[in-house]
Amino acid sequence: MTEGKRIAIAQGVLSKNDAYARKNRAFLDARGIRAFNLIGSPGSGKTTLLEAFALRLGEKLAVIEGDLQTRRDAERLEKKGILAYQIETGGGCHLDAEQVERALQAMDLRRCQILMIENVGNLVCPAAYDLGEHAKIALLSLPEGDDKILKYPSIFRRVRALVLQKIDLLPYLDVNAARVESEFRLLNPEGSIFRVSAKTGEGVDDLLRFLQTVSP
Ligand code: MG
Ligand code: ZN
């Protein structure tokens with residue numbers, strides 16, 4: 001395949017995705033729902049953060065979960081009393097807007113004010129797919145190390161906020177949180193930073209207040 005043909009195919013995939021993303025955003029706007037695309041590595045604590053949101057928001061929160069396989073994360077949130085829809089990608093390493101459109105059609109969102117879309121654990125290709133969200137949020141946990149921001153710039157450049165998760169572990173790790181924050185500010189001067197521990201609850205209320213100010 002020629003380079004030109006490869007680029008044309010990639011652009012076709014993304015423009016189809018963008019058409020679904022626009023449809024999703026219009027659907028959400030019509031219902032006054034703020035939607036966020038939550039992106040982070042496997043094990044960074046995305047679902048645990050959503051459990052902490054569930055405690056505070058109750059049925060105002062709904063969640064779309066993306067994983068390769070299993071309903072495990074949706075089940076965790078259902079146990080907290082939250083409407084959760086699981087997308088199993090069957091191997092796909094990111095969500096696309098068409099998958100999210102099917103989820104939106106299937107969910108009863110009458111009580112929902114905040115929709116969190118937990119992407120497949122991955123810091124690379126989720127950056128390229130608009131799902132129809134109002135903002136992307138990156139989550140990086142301290143045990144992953146302090147060198148990740150400049151290694152994965154495409155995601156950190158595009159997000160509205162960086163959540164530094166598992167901040168309660170800071171005393172036990174050889175990690176420089178200030179380095180993470182300064183590299184993030186270098187890439188994304190407009191982005192906000194939140195130090196959070198979903199486990200202890202530190203910073204969760206501040207983060208939620210911020211999300212509630214993002215205009216739908
Ligand atoms: Mg998860
Ligand atoms: Zn992917």
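**A β-α-β unit and the sheet around it**

Let's start with one piece of this predicted model. Strand E5 (residues 135-141), helix H5 (residues 153-158) and strand E6 together make a right-handed β-α-β unit. Right-handed has a set sense here: with the strands pointing away from the viewer, the path from the first strand over the helix to the second runs clockwise. Helices and strands are DSSP runs, numbered from the N terminus; a helix is H or I with at least four residues, a strand is E with at least two. The chain then crosses from E6 through helix H6 (residues 177-187) to E7, and that β-α-β crossover is right-handed too.

Some ground rules. Residues are numbered from 1 along each chain as its sequence is written, and chains are lettered from A and ligands numbered from 1 in the order in which they are written. Because this is a predicted model, local features need pLDDT of at least 70 and side-chain atom pairs count only at pLDDT 80 or more, while totals for chains, interfaces and linings use all residues; side-chain values use heavy atoms, with hydrogens and water left out.

Stay with E6. Which strands does E6 join? On one side, five bridges tie E5 to E6, and the two run parallel. Leu140 stands opposite Leu164 in E6. Four bridges link E6 to strand E7 (residues 192-195), again parallel. There, Leu162 has Ile193 in E7 as its bridge partner. Two strands count as paired if DSSP finds at least two bridges between them.

Is E6 covered or open? Strand E6 spans residues 161-165, and five of its five residues are buried. Buried means under 20% relative accessible area, exposed means over 50%, and partly exposed is in between, with a 1.4 Å probe and protein chains only. In a regular strand the side chains alternate between the two faces of the sheet. In E6, Ala161, Val163 and Gln165 point one way, Leu162 and Leu164 point the other way, and all are buried.

Lys166 lies in the loop between E6 and H6. Lys166 has a positive phi of about 65°, although it is not a glycine. With a relative accessible area of 23%, Lys166 is partly exposed.

Seven strands form an open sheet in the order E3-E2-E4-E1-E5-E6-E7, with parallel pairing. At the edges sit strand E3 (83-88) and E7, each pairing on one side only. Neighbouring strands are turned by 20° against each other on average, direction ignored. Axes are lines fitted to C-alpha atoms, for helices over the stretch in contact, and angles run from 0 to 180 degrees between N-to-C directions.

Over at the E3 end, six bridges join strand E2 (residues 61-67) to E3, running parallel. Glu65 stands opposite Gln86 in E3. Helix H3 (residues 72-79) packs on the sheet here, touching E2, E3 and E4, and its direction makes about 175° with that of E3. Helix H2 (residues 46-57) lies across strand E1 (34-40), E2, strand E4 (114-118), E5 and E6, at about 165° to E2.

What does Asp73 touch? Asp73 is found in helix H3. Leaving out residues up to four places away in sequence, Asp73 touches Thr47, Glu65, Asp67, Gln86 and Glu118. Contact means heavy atoms within 4.5 Å. Asp73 is buried, at 13% relative accessible area.

The loop between E2 and H3 holds Thr70. Thr70 has a positive phi of about 80° and is not a glycine. At 33% relative accessibility, Thr70 counts as partly exposed.

Finally, the overall picture. The protein chain has seven helices and seven strands. From the N terminus on, they run α-β-α-β-α-β-α-β-β-α-β-α-β-α. The radius of gyration is 17 Å, close to the 17 Å the globule rule gives for 216 residues, so the chain is as compact as a globular protein of that length. That radius is taken over C-alpha atoms, and the rule is 2.2 Å times the number of residues to the power 0.38. Buried residues make up 50% of the 216. Among contacts with a separation of 6 or more, 71% come from residues 24 or more positions apart.
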